[in-house]
Amino acid sequence: MLSHTQPTVLWTLRPSSPPAVVRTCPRCDDARPFDSSGRFRLNANKRRLDAWLIYRCRHCEATWNLPIVERVPLARLSAADLRAFESSCPERARRIAFDVGVLKPHGTLQSDASTTLDKPAAHPVNTFDLVLANPLGVAWRLDRVLATGLGIRRADLPGLWRCGALEVHLPRPERALRRPVADGTRCTFRPSAVFHQKE
Ligand SMILES: [Zn+2]
């Protein structure tokens, strides 16, 4: 069971490139990954501005525009924002393309690129809860995340499981281990159980 008295440790999966947004492509007539083109599109109408980041279907190149600002009075937009949109500033485009809050309402996020697992340099020696953050939808299996984070082989995970050192708080943990890790997955790790097993 989760306890509020033990420490919580956060691991975060961070892809090196922005995630694709998976949504229905009208031309393919199917769910497809859309990738950021890094270009903005602007439209000014009666001193109000719309700005989008242009995405392309990976299969047919059809475009989809991710809304960034909608009907915003020009006077309310900072000069820096306007310059960034007009020049398709790569840094700004990249920041938006990584912004979960902006992307999430428009589809499922999917990251295929190389990924690093951000975690603390050291872990508590006593029992701790582990929260796995995967906000950008990296398609790593749960067993890969755990093995990478704990610095062990995937084949050693069932042993941790059997001795009670690792508990995954999901309905069917054996199956969950082989599935892509969901954002916010919680586990409990009991390092002391590993030492008892080795003795
Ligand atoms: Zn398409």
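1. In this predicted model, 69% of the contacts with a separation of 6 or more join residues 24 or more positions apart. The chain holds seven helices and 10 strands.

2. On overall dimensions, the chain has a radius of gyration of 21 Å, whereas a compact globule of 199 residues would have one near 16 Å. Along the principal axes, the C-alpha atoms fill a box of roughly 75 × 35 × 25 Å. Of the 199 residues, 25% count as buried.

3. The domain assignment divides the chain into domain 1 (8-16 + 112-198) and domain 2 (20-108). Taken over C-alpha atoms, the centres of domain 1 and domain 2 are separated by 34 Å.

4. Which residues touch the most other members of the largest nonpolar core? They are Val 21, Leu 53, Val 145 and Leu 166, in a core of 37 residues. Strand β4 (residues 48-57) supplies the largest share of this core, namely five residues. Domain 1 and domain 2 each contribute at least three residues to this core.

5. Leu 166 deserves a separate remark. Apart from neighbours within four places in sequence, Leu 166 is in contact with Leu 157, Leu 160, Trp 161, Cys 187 and Phe 189.

6. Helix α4 (residues 142-150) has Leu 142, Val 145, Leu 146 and Leu 150 as buried residues. Seen down the axis of α4, these buried residues fall within an arc of 110°, and therefore they line one face of the helix. The elements that cover them include the strands β1 (8-15), β7 (115-118), β8 (128-133) and β10 (185-189), together with the helices α5 (157-162) and α6 (173-176). Just after α4, Gly 151 takes a positive phi of about 70°.

7. Leaving aside neighbours within four places in sequence, Asp 35 is in contact with Ala 20, Tyr 55, Arg 56 and Arg 58. Leu 136 lies 101 residues from Asp 35 along the chain, and 13 Å separate the C-alpha atoms of Asp 35 and Leu 136.

Definitions and conventions: Residues are numbered from 1 along each chain as its sequence is written. This is a predicted model: local features need pLDDT of at least 70, side-chain atom pairs count only at pLDDT 80 or more; totals for chains, interfaces and linings use all residues. A nonpolar core is a set of buried Ala, Val, Leu, Ile, Met, Phe, Trp, Tyr and Cys residues joined through C-beta atoms within 7 Å. A residue is buried if 20 or more other C-beta atoms lie within 10 Å of its own, exposed if 12 or fewer, and partly exposed in between; C-beta atoms are placed from the backbone. Helices (H or I, at least four residues) and strands (E, at least two) are DSSP runs, numbered from the N terminus. Domain bounds come from an automatic or database domain assignment. Two residues are in contact if their C-beta atoms, placed from the backbone, lie within 7 Å. The arc is that of the directions from the helix axis to the C-beta atoms. The radius of gyration is taken over C-alpha atoms; the globule rule is 2.2 Å times the number of residues to the power 0.38.
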